[in-house]
Number of protein chains: 2
Amino acid sequence: MQTIPLIQFGFGGVGRATVERVLQAREDFEWRYGIRLSYVALCDSQGAVVEPRGISFGNLNRLLAAKAEGQSIANASIGYRHEGLIDIVDVAGTTDAIVLDLTAEDETTDALLLALERGYSAVLANKKPLTGPYENFRQLLSSNRLRYESTVGAGVPVIATLRGNLIASHDTIHSIEGSLSGTLGYLTSGLQEGEAFSILVHNAKALGYTEPDPRDDLGGMDVARKALILARTMGWTLELDKIFVEPLYPERLNQGSVDDFLLAISALDADYRTSVAAARTHGNTLRYAVSLAGGAAEVGIKAVPLDSPLGRLQGSDNLVAFHSENYDDSPLVLQGRGAGVQGTAAGVLANVVTLATQNA
Amino acid sequence: MQTIPLIQFGFGGVGRATVERVLQAREDFEWRYGIRLSYVALCDSQGAVVEPRGISFGNLNRLLAAKAEGQSIANASIGYRHEGLIDIVDVAGTTDAIVLDLTAEDETTDALLLALERGYSAVLANKKPLTGPYENFRQLLSSNRLRYESTVGAGVPVIATLRGNLIASHDTIHSIEGSLSGTLGYLTSGLQEGEAFSILVHNAKALGYTEPDPRDDLGGMDVARKALILARTMGWTLELDKIFVEPLYPERLNQGSVDDFLLAISALDADYRTSVAAARTHGNTLRYAVSLAGGAAEVGIKAVPLDSPLGRLQGSDNLVAFHSENYDDSPLVLQGRGAGVQGTAAGVLANVVTLATQNA
């Protein structure tokens with residue numbers, strides 16, 4: 001039995017789901033892989049619990065309960081508190097350790113680089129460290145000890161397929177297209193069914209599909225970060241500001257409050273209706289699509305054939321289609337729920353197992 | 001730079017495509033992964049070339065040319081010849097070695113077990129060693145050094161997704177369904193379009209989609225072996241004869257020659273036409289499907305909804321849909337060309353890279 005120390009940055013929805021999943025998988029992983037996952041540090045934005053001998057299951061459950069009640073770790077009064085992530089990396093003291101970055105912050109990059117330099121492994125659900133300057137991406141990927149499946153398709157193995165199958169089989173990738181936002185997939189499916197754009201946005205917000213400010217989703221930047229990660233994984237030395245991003249609303253609506261925005265968008269309904277109808281006359285439908293081809297990355301509304309993989313996609317599922325030398329007649333397609341805390345935590349745990357069994 | 005010795009059993013279509021792909025990938029893999037793949041042994045059914053220091057690129061190309069002209073390695077007069085696969089395993093002399101089984105024979109199992117026992121890794125495109133007695137499967141899988149992606153979906157990452165994502169994320173798999181034969185996918189798509197069964201079989205044979213005796217495909221046993229590999233990968237301790245297999249022709253047509261068979265099947269056309277029409281009245285279409293659920297595995301003709309992933313599948317693409325706790329509303333779906341020597345060789349090479357970089 002090999003003990004794998006885990007250091008987790010981030011204890012929000014995905015962070016809690018990951019801790020819960022690690023606890024549930026405990027016995028299964030011991031007999032299946034001969035590994036025991038042991039949290040040695042757990043941080044939220046305000047504090048950390050650090051226990052080099054492993055935080056006990058009882059204390060992990062107490063921390064989960066405290067977080068569920070809205071408390072920070074800083075108030076949970078268990079164990080010893082550190083301030084900086086860099087200090088926390090020091091605690092593991094073995095190269096078997098794995099750092100999980102489940103935050104949505106830029107500031108974890110230095111701690112991740114330090115951990116990798118020490119010989120630890122790392123798993124990211126956080127897109128930010130991979131979508132800053134290219135040099136950071138290159139450094140983070142320079143060892144074979146960083147995994148980041150959940151940054152693009154949550155549990156859908158988009159990155160594993162791109163890296164572990166297409167690139168590793170010396171295939172030549174011609175293009176990638178996909179729908180990488182469950183929220184925007186929900187909206188474009190609704191538009192296709194004749195719903196009004198503004199109603200769909202209201203519903204998506206009410207259902208919790210969007211961020212508190214829906215412009216964070218409708219602006220396309222989250223999808224652009226996913227596109228950038230795919231592009232860089234293919235070997236493109238691209239920067240985020242070189243991706244063409246088309247928001248789902250005009251620039252001027254970035255002014256004002258969320259309520260102003262929600263009131264203003266009904267003015268867009270007629271235009272969307274016209275666009276959907278125009279697409280349909282050509283056998284097309286609208287999707288919020290990622291397109292990577294010929295060194296250029298685009299993110300925006302696209303008319304795609306109704307009988308193409310993207311056109312047939314319904315609801316909030318993600319889809320990625322890889323066109324390559326080996327998949328020339330028809331693409332290699334992956335489809336499934338690519339969002340949600342459970343899917344994201346599942347992708348994180350799968351990466352942890354890969355790294356842990358690779359070291360074993 | 002790390003040199004990875006390769007020992008390859010099998011030098012038919014997939015074997016040649018794999019050697020060619022290894023040669024093409026050489027420079028890319030040196031800078032990308034820091035690994036150099038070096039053939040130390042290459043065997044066909046009649047002979048072997050063994051060179052512990054690595055078969056030179058010139059000699060590999062000469063062997064490829066000789067095989068392309070229909071010669072056996074036994075006649076190629078390069079290097080030293082061994083008779084037994086077991087002897088050949090001895091040649092690598094380092095635990096970094098990887099044995100590739102690209103044959104379609106039962107007889108490789110002992111050599112594979114010996115190689116794994118010595119600490120080598122192994123990659124299988126050959127289904128036979130994994131579909132004999134369960135005990136062989138268990139022994140072959142008992143290390144983390146055997147990969148077998150190409151046995152099920154060629155280059156489509158079916159096994160990687162099942163093992164590396166679903167099982168490794170502690171997901172609970174409820175069922176798997178799929179279309180895992182390009183040949184039978186071609187037939188059922190053709191039936192849906194109104195073509196006669198017998199004409200489709202003739203065409204498939206003429207296009208090289210079937211084995212020389214089409215009954216080898218139409219009998220369903222090749223698909224059953226894929227179903228068994230999926231079932232065992234999920235942890236089911238199943239034997240091949242416990243899979244319910246429905247052939248596409250009646251038992252009595254197993255008598256007689258290929259020509260007899262091809263003459264006799266036009267008598268089945270009317271029945272297939274009736275079945276397709278009956279399915280359509282319920283919004284269904286016929287597919288030759290694998291179904292794994294509740295511990296039972298079935299392979300046969302199935303009426304599936306036209307608007308389901310399997311029902312929308314056209315032509316010879318493979319498709320696998322995983323229904324699980326994480327993918328409950330809609331399944332995790334993989335689709336792509338799951339056959340052909342290039343796809344199979346691609347799957348093999350991807351597995352080689354995984355193992356080689358895991359050891360690095």
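## Two strands side by side

How many bridges join strand β4 of chain A to strand β5 of chain A, and do these strands run parallel or antiparallel? In this predicted model, four bridges link β4 (residues 98-101) to β5 (residues 121-124) in chain A, and the strands run parallel. Look at A:Ile98 and you'll find A:Ser121 of β5(A) standing opposite.

## The sheet around them

## Into the core

A:Ile98 shows up again in the largest nonpolar core, which has 220 residues. Together with A:Ala227, B:Ile98 and B:Ala227, A:Ile98 touches the most other members. In general, nonpolar side chains in soluble globular proteins tend to be buried together.

What does B:Ile98 contact, once its neighbours within four places in sequence are left aside? Among its contacts are B:Ile4, B:Leu6, B:Tyr120, B:Ser121 and B:Val352.

## Two domains in chain A

Chain A splits into domain 1 (2-154 + 342-359) and domain 2 (173-339). Their C-alpha centres lie 30 Å apart. Where they meet, 11 residues of domain 1 are in contact with 15 residues of domain 2.

On the domain 1 side, α5 (128-131), α6 (134-141) and α7 (150-153) of chain A each supply at least two residues. The largest share, three residues, comes from α7(A). By class, that side has six nonpolar, four polar and one charged residues.

Methods. Residues numbered from 1 in each chain as written. Chains lettered and ligands numbered in written order. Predicted model: local features only at pLDDT ≥ 70, side-chain atom pairs only at ≥ 80, totals over all residues. Core = buried A, V, L, I, M, F, W, Y, C linked by C-beta atoms within 7 Å. Buried ≥ 20, exposed ≤ 12 C-beta atoms within 10 Å, placed from the backbone. Contact = placed C-beta atoms within 7 Å. Pairing = 2+ DSSP bridges. Domains from an automatic or database assignment. Nonpolar A, V, L, I, M, F, W, Y, C, P; charged D, E, K, R; others polar.
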